[in-house]
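Subject: Structure handover

Hello,

Here is the structure I promised to pass on. Please open it beside this email and read along.

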Amino acid sequence: MIKRQVYHIIKKYNIRIGLFSIDKSGFINVTGDVYITNTVLKKLPLRFKKVSGNFYCSSNMLVTLKGCPDFVGGIFNCYGNQLKSLEFGPICVGADYFCHENKLESLEGAPKIINGNFNCFINQLETLEYGPEIVFGNYYANNNLLRNLLGAPKQVKSFFITSNFIKDLENCPIKIDKLVIDNTVQLFLGMQNCNVNTVEIEMRKPESKSTLPKIVIDQIKYLPILFKYGKYMCMYQLDPNSDFKVFDMKLFNDFMLDIKEGLR
């Protein structure tokens, strides 16, 4: 591909692009930003290798990320397309990674480390497997089809997992600044502890067997201490008459008493 062809495509699709060069393989390297947005494109009309600034390919009809750069120095944004996976997306992103409001069924292709926020909300994800392992910013996985937290990152700033079908917090990140969950999620962490600073609970339906008791929500400020000892504090007991796990109110009250007496 020669520059004349690139300029023709830029004009045809109203693409905004910084200073660029074309390597011997026909890939485009850009100093600055790239904006390919608000078109009916199903695939990118150009092939990129490295973009020093932001790369926006949002609000199109993309069904593949083929042609995206391997390296993006700033924000990568592909939200509002028809993507089912992140295959062919960048392997290194310097800031936020936005892939929300697609049709994602898999996070395969996402970078393992996200230096900013990771937004994958409003998709069709049933698992977080193959996704980022460390997110230095916030991770928004709300409004998907998740049933568990397999594949969740090891470390994240704030973790938003509301409006899913998650039953408990097993495989939750071990280090979180703020955790936002539904009142239908059991406070069961499996064989791990979790260092969390703040817990927020969103109310989805009236209290029932599957929701957190009101007394737990009323004591929400103490939940980070409970999470700290999650490996040793199983707050649920199996109902002998069914396969349903029942919240152990006596154990919870005893634990709250320990906290108020100085347990930290």
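Below is what was found in it, from the whole chain down to single residues.

**Ground rules**

This is a predicted model: local features need pLDDT of at least 70, side-chain atom pairs count only at pLDDT 80 or more, and totals for chains, interfaces and linings use all residues. Residues are numbered from 1 along each chain as its sequence is written, and side-chain values use heavy atoms, with hydrogens and water left out.

**The whole chain**

The chain has four helices and 17 strands. Helices (H or I, at least four residues) and strands (E, at least two) are DSSP runs, numbered from the N terminus. Along the principal axes, the C-alpha atoms fill a box of roughly 75 × 35 × 25 Å. Of the 264 residues, 48% count as buried. Buried means under 20% relative accessible area, exposed means over 50%, and partly exposed lies in between (1.4 Å probe, protein chains only).

Contacts here are heavy atoms within 4.5 Å. Among contacts with a separation of 6 or more, 16% come from residues 24 or more positions apart.

**Helix α1**

Start at helix α1, residues 3-12. Its buried residues are Val6, Ile9 and Ile10. They sit on the same side of α1, because they cover an arc of only 100° around the axis. That arc is taken from the directions from the helix axis to the C-beta atoms. These buried residues pack against β1 (16-22) and β2 (28-35). On the other side of α1, Arg4, His8, Lys11 and Lys12 are exposed. Asparagine 14 follows α1, with a positive phi near 55°.

**The core and phenylalanine 55**

The largest nonpolar core has 74 residues. A nonpolar core is a set of buried Ala, Val, Leu, Ile, Met, Phe, Trp, Tyr and Cys residues joined through side-chain atoms within 4.5 Å. Phe55, Leu169 and Phe227 have the most contacts inside it.

What does phenylalanine 55 touch, not counting residues up to four places away in sequence? The list is Val34, Ile36, Leu44, Phe48, Cys68, Pro69, Val72, Ile75, Phe76 and Asn77. Phenylalanine 55 is buried, at 0% relative accessible area.

**Aromatic rings**

Rings of Phe, Tyr and Trp (its six-membered ring) pair if their centres lie within 6.5 Å; planes under 30 degrees apart count as stacked, over 60 as edge-to-face and the rest as tilted. By this rule there are twelve aromatic pairs.

One is stacked: phenylalanine 55 and phenylalanine 76, 6.0 Å centre to centre with 15° between the planes. Phenylalanine 55 lies in strand β4 (residues 55-56) and phenylalanine 76 in strand β6 (residues 76-77), so the pair ties together parts 21 residues apart in sequence. Phenylalanine 76 is buried at 0% relative accessibility.

Tyrosine 229 and phenylalanine 255 form an edge-to-face pair, because their ring centres are 6.3 Å apart and their planes are at 70°. Tyrosine 229 lies in the loop between α3 (223-228) and β16 (236-238), and phenylalanine 255 in helix α4 (residues 249-260), so this pair ties together parts 26 residues apart in sequence. Tyrosine 229 is partly exposed, at 23%. Phenylalanine 255 is buried, at 3%.

There is also one aromatic cluster formed by Phe48, Phe55, Phe76, Tyr97, Phe118, Tyr139 and Phe159.

Two charges sit over rings. Lysine 49 lies over the face of phenylalanine 27, 5.4 Å from the ring centre. The rule is NZ of Lys or CZ of Arg within 6 Å of the ring centre and within 35 degrees of the ring normal.

**Cysteines**

Cysteine 78 is buried at 0%. Cysteine 194 is buried at 0%.

**Phenylalanine 188**

Last stop: phenylalanine 188, in the loop between β14 (175-182) and β15 (195-202). Is phenylalanine 188 buried or exposed? Buried, because its relative accessibility is 18%. Leaving aside neighbours within four places in sequence, phenylalanine 188 contacts Asp168, Leu169, Glu170, Cys234, Tyr236 and Lys245.

Best wishes
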